[in-house]
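Thanks for coming. I will go through one structure today, a few elements at a time, and please keep the view open while I talk.

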Amino acid sequence: MNYATTENPADWKLPSPRKLGILTLILAESALFTIFVVAYLFYMGKSLNGPYPHEVLEFPLLGTIALFSSSGTIFLAERCLHAGNKPGFSLWWGVTAALGVYFLYFTGAEWYHLIFEKNLTLASNTFGTTFYSLVGLHAFHVIVGVLLLLGILISALRGRLHSDHTEHVEAISYYWHFVDCIWIVVLTVVYILSVRVPQ
Amino acid sequence: MAGVSLFRFYIPGFLKTFTPFATAALLIFTAGTASFAAEPQATPTPEIHRIADIFQPLSRPAELLLEPTHLVLLICLGIFLVVLAVLAYVLIKFRPRGPEDHLEEPPQVYGSYNIEMAWTVIPCLIVFVLVLVSARSIVEIQDRPMPEDALQIRLIGHQWWWEIQYPELGIITANEIHVPVSSKDGKPRPTHIILESADVIHSFWVPQLAGKTDLVPNRVNHTWIEPFKTGVFLGNCAEYCGTQHANMLLRVIVQTPEDFQKWVENQKQLPSEPKDVIAIQGKKDFYDLSCVACHKIDSTPAEGVFGPDLTKFAIRQTLGAGVAANTPENLHAWLFQPDSLKPGCYMPDMKLSPQQLDSLVAYLQTLK
Amino acid sequence: MSQEIIIDENYRMPEPVRVGEETGSLTRVMQQLVFTVDHKKLGLMYIGAGLLFFVIAGLLAGLMRIQLAFPNNHFLPPDVFNQSFTMHGTTMVFLVGMPLAFGFANYLVPLMIGARDMAFPRLNAFGFWVFFFSGLFLYFSYVGAPGLYAAGSAPDVGWFAYSPLTTKAFSRGHSTDYWTLSLLLGGIGSVATALNILVTVFCMRCPGMTLGRLPIFVWCMVVLSFLVILALPCLSACQIMISLDRYLGAKFFDTQAGGDAVLWQHFFWIFGHPEVYILIMPAFAITSEVIPVFSRKPIFGYPIMVAAVVAIAFISLGVWAHHMFCVGMVSLANAFFVTSTLLVSIPTGIKIFNWLATMYGGKLRFELPLIFCIGFLFQFLIAGLTGVMLAVAPFTWQLSDSYFVVAHFHYVLIGGLLFTIFAGIYYWYPKAFGKMPDHKLGLWHFWLFTIGFHVTFLPQHFLGFLGMPRRIYTYQDDRGWDTMNLISTIGVAIQAAGILFFVYNLIYSYIWGKKSGDDPWDAWTLEWATTSPPPEYNFAKLPVVKSRRPLWDAKHPEDPDWKHE
């Protein structure tokens, strides 16, 4: 087949480096999370001593609602940006960041409760070890995500966000959706599955 | 270097299997220096099988695993010779021929579906055969049911020695496993070994008796041996376990059923009381010093479990998990400065006086 | 980011002007090294640093071989020996193998795909420096591990660091922390660089360079980067877990508190086995470039060669537990990992056959790169076959952790990888420096190194058969191991002599070598289309590609490749 002659360099299209970069990073992060999730699953029901998941864990309803709805708000923010609606973008973007901060607050409160009232720490047992490392790793990613969101928010509020920044915004929103997806896994494994496993 | 014999060279048994193919390869290394056999040992009793050649198994599991081994060796040797021949042919046939040769490029060939298909399918078939043979062999060795009356041994790895328990016989010893011999034709007398670890991962490996199985803390593993020949078999810890991994040696002493029974009877008896003055003083020193914190001697206040059980210490062949022969001189050196024989080991230097050393050596010699 | 295409053939980009530069001053050289984001400089820095660490790790190996030359030897005390093999292994894998791969990828991938730089040049510099500092950090443990107030000690837990040897109870002081944190740091750098390579290949190709026309070298680097992206985070997870265990009292691998020692092995080898294929990828990459050029034929069966690399990478994600045949897995698991491991041999075999078929019917030119690649083929054949033997679990019950395994993976990594690294260095030396490497010195290097290599490692197969375990610092004189150990040690000296010739050749040719011209080997990939050494912007005019061998098309307009693909 002689397709070479029909090619015109001007038609040469390649994917955007920034988007592919963030997707690759997400792939790497998924591998990292996989190990911690597997560790959690492996030690599920194997703690030698309490506290056990079903004794101390409560379903994190408010935090989950906040995090999941932030995926919606970031989507709305992006739509505003594509439509050229800058105030709308700042509003929804800010709401997303606020929801992220609320999630972190919620996690912090949960940890405070677990550590000081239920005496569950990283060193208590294998449940404590795998719980804090997995949830903590996720929370760390939320922190990074919130910082990125705030960075964009500040430049948007100062009027420095232009149409050629859409790729930055898109990359961060990919990352934020990824953090959300990880929460689905963490939620399922930690708060739904492990509290039902007999010790 | 004293004791080094440049002229001692041993041919692994597999080469005998594949002579004459592979001996040629080995000749490169042996030319001029080989004496083509293990140096004849003075025949001690019991015979010590020093050369732990995996191709000369003297036990059933080690023999069973040779079956897939020989197959894979033959297949690999065949592939090696064929590919090597092709490589040699290509290099000779298409070598450069004079300076003008390069003026013209050779015919450009981009690939061939049929040929590539052929060298995909043939390896697939070989892999298929190897998978089946290995799987069968794995099940045959690993999942072999042990007869009810099989001798049971609990082998517990410590940094850097082996604790050996005979739960049914109530015997605890160290570093030297005694088992009765089995016979190829008669009723099999396998020994079932339960593997555990007190600290880090170790690995049981006595090449002529069985392949490796790890001793993993917080986990119970199993292996079995069924030796066909009496004698002493040598093995090493085969998983890196810290500073003295190299000197964590294991001896398996295979005895006739009668000898084994004698050994068992002896182990069950308490050690005789020391009679001469120095040894009596040694016994006193043993309890006055902190030896008892780590070592155990049956029916005495010595109840330590951190170090090896010394109840029948004097009949063991080696010291410090095989680091030296169990002679009074070596024992003296060992007690004086354990670090000098086995640097980094956990037995402390007790700063013993010469008198204490002499008396302790004398006492330990009585533990028969 | 769309590529700007400069139409005018004679246009050359102006040299960028920087303030405060005096040519030739040390400050300027340092500045260039530290501030550069040029993929070619970073590539050479990667290779240079890799060779530096190679020499260090080689010296450690030499010390160990001297200790093992005689039974009951007292040359090295046990702790120093254990530190040596830990540092040797860690260095060779993380500070030699991967940086060399990244160095070649950095230098060549943009040139081969007709790009002006990597997709993220600053991330590239970041990746290099993070790697370099992780290496320095690891070696700092010799000075600082128990704290600067006392004599230091390097980590001694082995490069595999099997728990619970790494817990506080069995590894006091901070030596293990140096190992852990260094690998955590290095992992970040590796992922950054791998990400960069992937994005570069997918987003920076010149017009016409479709995925089906990428040189196989680039394909191998894509696969390598994918494996790094998938495997290295697993290692990072392991290191995070060890750190949590050691610093915060977590129980991941604390066997006294219900932790599982075997879980560490699973996690480590889920990283560790893909890592082995990460290390061998450059060998596949370089051989697939060198053999066609010096046989004067295109690579035989390009699609199946690419498919084989992808298949190897894919299968390699499912073979990790063949390192664990002895830990007491159930027989079904053992059989599964026997199967998956044997499957790897099929695509690997295809690659060897296709390389042979590429040479078949060609006109061989025995230049240094081809000579080293032939050495590679021979040794990799042996390594592959011993690998097949090790896949058969019952055999491995005997061979695992014996010297046979040591011999096997040194045939893979020295006989395989390192030979092709030498081939690659000789092949692209004219491109990087504009000078030809000296043929005669190269032959000395080849023969000394090859002979030394076989003398060192061939006897180790037999030591394994005779029951000699790995990682022992001494052995008794009555086990039949002494002669072969001595031979093995002598081989190291021969290898070292070969390496001296290699280093001398690099320096000699740089100063006195013949000028090479832009395309001394009459090759076909795009890196030979620019000057030697290439300008900072690589191509004044971005090329347009119509086939897998763009320079063949240019040199043979009467019979271009795209008519046949």
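Let's begin in chain C, with helix α13, residues 439-465: it has 27 residues, and from first C-alpha to last it reaches 39 Å, close to the 39 Å expected at 1.5 Å a residue. Helices here are DSSP runs of H or I with at least four residues, strands are runs of E with at least two, and both are numbered from the N terminus. The expected span is 1.5 Å times one less than the number of residues.

Before going on: this is a predicted model, in which local features need pLDDT of at least 70 and side-chain atom pairs count only at pLDDT 80 or more, while totals for chains, interfaces and linings use all residues. Residues are numbered from 1 along each chain as its sequence is written, and chains are lettered from A and ligands numbered from 1 in the order in which they are written.

Back to α13(C). Because 20 of its 27 residues are buried, α13(C) is largely enclosed by the rest of the structure. Buried means that 20 or more other C-beta atoms lie within 10 Å of the residue's own; exposed means 12 or fewer, partly exposed is in between, and C-beta atoms are placed from the backbone. After α13(C) comes C:Gly467, with a positive phi near 85°.

Now chain A. Helix α3, residues 61-83, has 23 residues and should span 33 Å at 1.5 Å a residue; its end C-alpha atoms are 33 Å apart, which agrees. Its buried residues include A:Leu67, A:Ile74 and A:Leu81. Among the elements covering them are α4 (86-117) and α6 (166-193) of chain A. Just after α3(A), A:Gly84 has a positive phi of about 85°.

How do the chains meet? Two pairs of chains touch, and chains B and C have the most contacts. A contact means C-beta atoms, placed from the backbone, within 7 Å. Chains A and B share no contact; their closest C-alpha atoms are 12 Å apart.

Last, chain B. Five of its strands form an open sheet with mixed pairing, in the order β4-β3-β2-β6-β9. At the edges are β4 (171-174) and β9 (221-225), each pairing on one side only. Two strands pair if DSSP finds at least two bridges between them. Strands β2 (151-158) and β6 (191-197) of chain B run parallel, joined by seven bridges. B:Leu151 has B:Thr191 in β6(B) as its bridge partner.

On confidence, chain B averages a pLDDT of 86, and 87% of the residues score at least 70; pLDDT is the predictor's confidence in each residue, from 0 to 100. Over residues 1-8 of chain B it is below 50.
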